[in-house]
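This report describes selected features of a predicted model.

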Amino acid sequence: MIFLRRQLPLLITLVTGLLFAAQYYVPHPASEQMLTSATKWLQIVGGFALILGVTSLFHQHAVKIRRQEAGWGYSLVLYVGMLGTIAVGLWTNGKESVEGTMTAFGWIYNYMMVPLQGTMFAILAFFIASAAYRSFRAKSREAAVLLVAAVIVMMGRVPLGEYLIPLSGDVSSWILNVLNSSVRRAILIGVSLGAVALSFKIIFGVERSYLGGGKE
Amino acid sequence: MWMAGMTFSEKMLKIDRRIIFLMIGLCTLLPLLYPVGLPIKTSSEVRGVYDHIESLPEGSVFLLSIDFDPASKPELYPQAIALLRHAFKKNLHVITMTLWVSGTGMADQLVTQVAKEMGKENGTDYTFLGWSPGGQAVIINMGQDLYSAYPSDYRGKPTKELPILEGVRSLKDVGYMVSLGAGRPGVEEWYVFGKDKYKFEMGGGCTGVMAPGLYPLLRSGQINGLIGGLRGAAEYENLIGQKGKAVAGMDAQSATHLAIIALVIMCNLFYFSLRQQKG
Amino acid sequence: MVVWTLLVFGWLCSSALAQISISAPQDMRVFDTPSDGGGSLTVQWAPSSWDGPDARYQVLAGDAAVTDPAALTIIAEFPGNSKYVKDAKTAWWTRNVDKTWHQVLVRSAKGFEVKDGIFYAVAVAAVQGDQRVFSQVLVASPSPDWFNWNQLNNLIIALSFGGLVFYSISYAKRHEIFLRRIPGLDAVDEAIGRATELGKPILYLTGAHDLHDPSTIAAAVILGKVAKRAALYETELLVPHREPITMAVCQEITKQAYLEAGKPDLFKEDANFFITADQFSYTAAVDGIMLRKKPAANFFMGAYFAESLLLTETGASTGAIQIAGTDSDHQLPFFVTTCDYTLIGEELYAASAYLSKEPVQIGTLLGQDIGKAVVLSAIGIGIVLATVGAVTGAQWPQLFLDLLRDLK
């Protein structure tokens, strides 16, 4: 049992990890083919995993409905929405329009999903404003520098700002191109080294906590 | 929230955020209703994409990957329209696709609408390949064999039989590529798994929030241009001389930016006055 | 008068230059392109004294049986002062001729297909006006290679870094290593304690990506530590997911954490649950959980996109302690503004070391730090060498710079 839960997964990780790290250095079409095939397998495994996710979702909401927990009505909406969309999608073969005519599935997409997603994204503008008002304070010298930079960039990225302070456009462009790029590169270097180190540890079985089951 | 004994500054710092929401709402709505039409300067990063498309000879293959969903429509849709108009005007062979399944219907509408407006024919002047599962794997697949990554286009026609894809066997045959991405997979994936491996020139487009994150790619020449947010779209609309929704939205964006600046200044004034009061 | 004389002299000179006759390309060689995936031949020839924008080169290719260069298909035509070896992204250790030589790759094009294992005849013609002079016709066959020698530097650097990490781990097992304080992680206990006091749950998110992404793995590892403390304090844990496989893995991790804390009976299978893979649907659902259940502590670990602010701002409105950790640099400003503590970039990877204090984890951090010092030194040395090379025109700095370059 320990072999199936521990040793075998670690062995698979070691072999595939080394194989796919080596793949980067092999230009032969066979290596590319291997990468494509492996990615396809992942998609298939991912497809089956979705069943796991959907089961969890249904179970969670079925319990809420059964126990009539607070807000169980929303769980009912989820069931109706999900099953309804699946049924309509199957009925119309997943097509949003057939020869220029919108299908029921297209209607759901255009008149429900598009506006709902747009709404969620649009909330960002309001939240940015309230977050900025609440937290953007010059509490220290560093925070003051950030504040000034943010104001310049905000001015320089819109026509009215450039109209009021003509220099703000060039200064904001310099901030984005030079200061911002170099800082992000520094973060990226740190992140990449961390990611490579973690990958090495996973490939060689030094880091195992992602498998669950703790240390043996 | 408005407790007794609070000073004015304290009260203002704890202002109900719905008042801020209202202010932002008005700053967005009013300029859309009463546009001013301020002049827009073109940045070098947007010009990078424009100039490259401009330099392509007629009939060159241009690949546009519409990697966003309806959530990012307000910012990226105008970018896609402007790019397609430019490419069609230059008589390029336009291949479009998406790596975001939830963006498929929107991308189809977008491409069909602009092609119709420019009098272009599906299959001959342009094609929409649709969505294929796999994210970055699709890019690798296309780099090896485009026909196997997309055996048929969105309308179900075999890609091998499409006149526009004649001689376009893989990404190596693409003249220029632009990914309009709202996340992953997007511009970075197209660079890492596409351009880096299969060597084609590429540019990018993204939401305003993501743009600063892509500047390192731009500065190192990994992408030759970047259209950032609604502002980038407005600049592109200006460059092609066809003003659209992005230019119209710039007044609203100007007003909201200034409103946020005003809010930040106000909150700092209250903060400092409170600090002084507390000694 | 002087001006007129100069103009006439200039005109005479340019006419004389225009009349310089071109010669056949010299020392031409054709071979399979090294370090590639096949389907390509490389053509190289020596530069000529008459190379310039007026003269042009044509590269011709065709069936191996063709001996007359004029019968071959023109696959590339370009000005005589372009397409050099130096333009290709190759390193000095893979270069077989001087950088000033001309180089063109023969690949499949419209009407001409290059297939592996088939021999092709290739020639180069120099063209000026009506004049066209051919090189000899050479034959070669393309084939795919098993190693990209241009990336040798990359492989050596990667292996050295891997070796360094493992050495650091073994060093950390033998020695005590100082670990800088990470305030965000000190706050983990405080946040869990507060949730316990208030009798409210802890919300833990693992980000937008699946387990391909190291940041998700780091988030899952930290979840184990958080779950263990939540189990010890008997505080409810909620972990909504965007990816089913991550959910399954996190279920195992949480279960193990409860076992290690000696509270297996408190473990709930549905503490980890799936919502949807869709960005904003997930955000709306998590925001709903925040508003209804009012968790006392929110953890945002892993990769995030535009949803970050929507999540953290809602969390802030409920008064929860918020701790974020992400390597999504584009979302850092939002997290820093709205959360009480933020683990920036690699701090996310360092978090599990800090929380567990295990030598393996601390050793990895040491390795990373040495790696960073090496990168910083390489940047410094590279800047000096590139400047010296640019100022003096010397070639030797390039020998070192190529070692640090990303070559394909």
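## Sheet and covering helices

In chain C, helix α3 (residues 183–198) lies across β9, β12, β13 (321–326) and β14, and runs at about 140 degrees to β13(C). Helices (H or I, at least four residues) and strands (E, at least two) are DSSP runs, numbered from the N terminus. Contact requires C-beta atoms, placed from the backbone, within 7 Å; angles run from 0 to 180 degrees between N-to-C directions, with axes fitted to C-alpha atoms, for helices over the stretch in contact. Helix α6(C) lies across β9 and β10 (237–241) of chain C, at about 165 degrees to β10(C).

The open sheet of chain C has 6 strands in the order β11-β10-β9-β12-β13-β14, with parallel pairing (at least two DSSP bridges between two strands). Because β11 and β14 (341–344) of chain C are edge strands with a single partner strand each, one side of each has no neighbour in the sheet. Between β9 (residues 202–205) and β12 (residues 297–301) of chain C there are 4 bridges; C:Leu203 has C:Asn298 as its bridge partner in β12(C).

## Helix pair

Helices α10 (residues 359–392) and α11 (residues 396–404) of chain C pack at about 145 degrees, with axes 9 Å apart.

## Interface with chain A

The contact takes 57 residues from chain C and 48 residues from chain A. On the chain C side, α5(C) gives the most, with 10 residues.

## Basis of the model

Residues are numbered from 1 along each chain as its sequence is written, chains are lettered from A and ligands numbered from 1 in the order in which they are written. In this predicted model local features need pLDDT of at least 70 and side-chain atom pairs count only at pLDDT 80 or more, whereas totals for chains, interfaces and linings use all residues.

How values were computed:
Two residues are in contact if their C-beta atoms, placed from the backbone, lie within 7 Å.
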